Amino acid sequence: MKVLHISCLDDNYSYIRIIDETTKEAAVVDPVEPHKVLRVAQENEVDIKFVLTTHHHWDHAGGNDKIKQLVPGIKIYGGSVDNVRGCTDKVENGDRVSLGAEISILSLHTPAHTKGHISYYVTDKEGEDPAVFTGDTLFIAGCGKFFEGTAEQMYQSLCVTLGSLPKPTRVYCGHEYTVKNLQFALTVEPGNAKIAQKLAWAEHQRRVGHPTIPSTIQEEFESNPFMRVDLPEVQEKVGCKSPVEALREIRLRKDNWKG
C-alpha cells in the first residue's frame with residue numbers, strides 16, 4: 001500500500017492512498033484543495049474512487065462539494081453524526097469499506113475534537129501493512145482540542161481505540177504540528193530521551209522541507225504525553241491520580257502554553 005501526502009493550506013495534510021501499481025485505484029483523505037489533489041492523482045496516474053472525511057471542520061471537509069463537481073459520481077464518506085459537508089455515505093464505528101480487491105478500510109469512531117470524528121484504519125486483505133488516518137484526533141506527539149467532547153472521550157479515542165491498534169501501525173494525521181507538540185511534550189517529561197531524540201529529528205525534517213509523518217502507534221506511546229497518561233510517573237508529574245485527570249490537565253497546559 002502506497003500513501004502520497006499532499007500539503008494543503010498552511011499546515012494541513014491530505015492523503016492519496018493507492019491500492020497497488022496494477023489497478024491504480026485510490027481513495028483520498030480530507031481533500032480540502034481538490035484541484036491540488038487531483039493534479040497529484042493525475043501525475044501518478046491513479047484513479048480516485050472515493051473520499052474519506054475525518055470530520056466536519058472546513059479545513060478537512062471544505063473541498064468535498066468541489067471534488068464532487070470535478071469527479072461526478074464520487075462517493076464521500078463521513079461520520080454519521082458529524083454533519084460532513086457533501087457526504088453521500090455515512091459511516092459508523094465498525095463499518096468497513098473496500099478499495100479494489102486488496103484494501104480494507106475500517107471506520108473507527110474517535111470523538112472529542114468533534115462528536116462524530118472518524119479515524120480510518122487501513123490494511124491489506126491479510127491484515128498486514130496497517131495504517132491509520134487520524135484527522136485531528138491524534139497528532140504526532142499531540143491531540144486535538146476537545147471542541148465537542150470531553151477528556152473521557154479523548155482518552156477512549158487515543159488510548160483505547162487507537163492505542164489498541166498494532167504497534168507498527170503507521171499514523172497519518174491531519175496537520176504538521178510535530179515540532180511544537182514535541183517541544184511541549186518535553187515540558188511534561190523533561191527527562192524523556194525518546195521525546196528529545198524525536199524533536200531533534202523533526203526539527204531537521206522541517207529545516208530541509210520534509211514532513212514528519214508518518215509516525216507509528218509504538219512511537220506515540222513513547223513520545224506523546226496524551227497517550228502516556230496510563231503511566232503513574234506521567235500522572236505524578238502533572239499532579240493527577242488517574243489517566244483521564246492527567247489527560248485533562250495536560251490538555252489544559254497545552255492550551256495555555258506559550259511556546
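Predicted model: local features only at pLDDT ≥ 70, side-chain atom pairs only at ≥ 80, totals over all residues.

Author: What follows begins with one threonine and the cavity beside it, and then turns to the core, the pocket and a lysine.

Is Thr 54 buried or exposed? Its relative accessibility is 1%, and because buried means under 20% relative accessible area, Thr 54 counts as buried. The side chain of Thr 54 makes a polar contact, at 2.9 Å, with the side chain of His 55. When residues up to four places away in sequence are not counted, Thr 54 touches Val 29, Asp 30, His 60, Asp 82, Gly 116, His 117, Ile 118, Tyr 120, Phe 133 and Gly 135.

Thr 54 also belongs to the lining of the largest cavity, together with Tyr 13, Tyr 15, Val 29, Asp 30, Phe 133, Thr 134, Gly 135, Tyr 172, Cys 173 and Gly 174. The volume of the largest cavity is about 30 Å³, and the structure holds one cavity of 30 Å³ or more. At least two residues of the lining are supplied by each of β2 (12-18), β10 (131-135) and β13 (170-173), with the largest share, three residues, coming from β10. Sorted by class, the cavity lining has six nonpolar, four polar and one charged residues.

In soluble globular proteins, nonpolar side chains tend to be buried together. The largest nonpolar core in this model has 28 residues, and those with the most contacts inside it are Leu 138, Leu 158, Leu 162, Leu 165, Val 229, Leu 247 and Ile 250. Two or more residues of this core are given by each of β8 (103-109), α4 (151-162), α5 (178-188) and α9 (243-256), and α4 provides the largest share, six residues.

The largest pocket holds about 330 Å³ of space. Its lining is made up of 20 residues, of which Phe 139, Lys 145, Tyr 177, Arg 251 and Lys 254 are the closest to its centre. The elements that give two or more residues to this lining are β12 (142-143), α5 and α9, and the largest share, three residues, comes from α9. By class, the residues of the pocket lining divide into six nonpolar, seven polar and seven charged.

A last stop is Lys 198, which lies in helix α6 (residues 193-207) and counts as buried at 9% relative accessibility. The side chain of Lys 198 makes a polar contact with the side chain of Ser 215, at 3.0 Å. Leaving out residues up to four places away in sequence, Lys 198 touches Ile 140, Leu 182, Ser 215, Glu 219, Glu 220 and Ser 223. Between Lys 198 and Asn 181 there are 11 Å in space, C-alpha to C-alpha, while the two are 17 residues apart in sequence.

How values were computed:
Residues numbered from 1 in each chain as written. Heavy atoms only, no water. Core = buried A, V, L, I, M, F, W, Y, C linked by side-chain atoms within 4.5 Å. Buried < 20%, exposed > 50% of the residue type's maximum accessible area, 1.4 Å probe, protein only. Helix = DSSP H or I, 4+ residues; strand = E, 2+ residues; numbered from the N terminus. Polar contact = N/O pair within 3.5 Å; in protein donor to acceptor, adjacent residues only side chain to side chain. Contact = heavy atoms within 4.5 Å. 1 Å grid on protein atoms, 1.4 Å probe; cavity = no way out; pocket = protein on both sides within 12 Å on 5 of 7 lines; lining within 4 Å. Points joined across faces, edges and corners; volume = space filled by probe spheres on them. Nonpolar A, V, L, I, M, F, W, Y, C, P; charged D, E, K, R; others polar.
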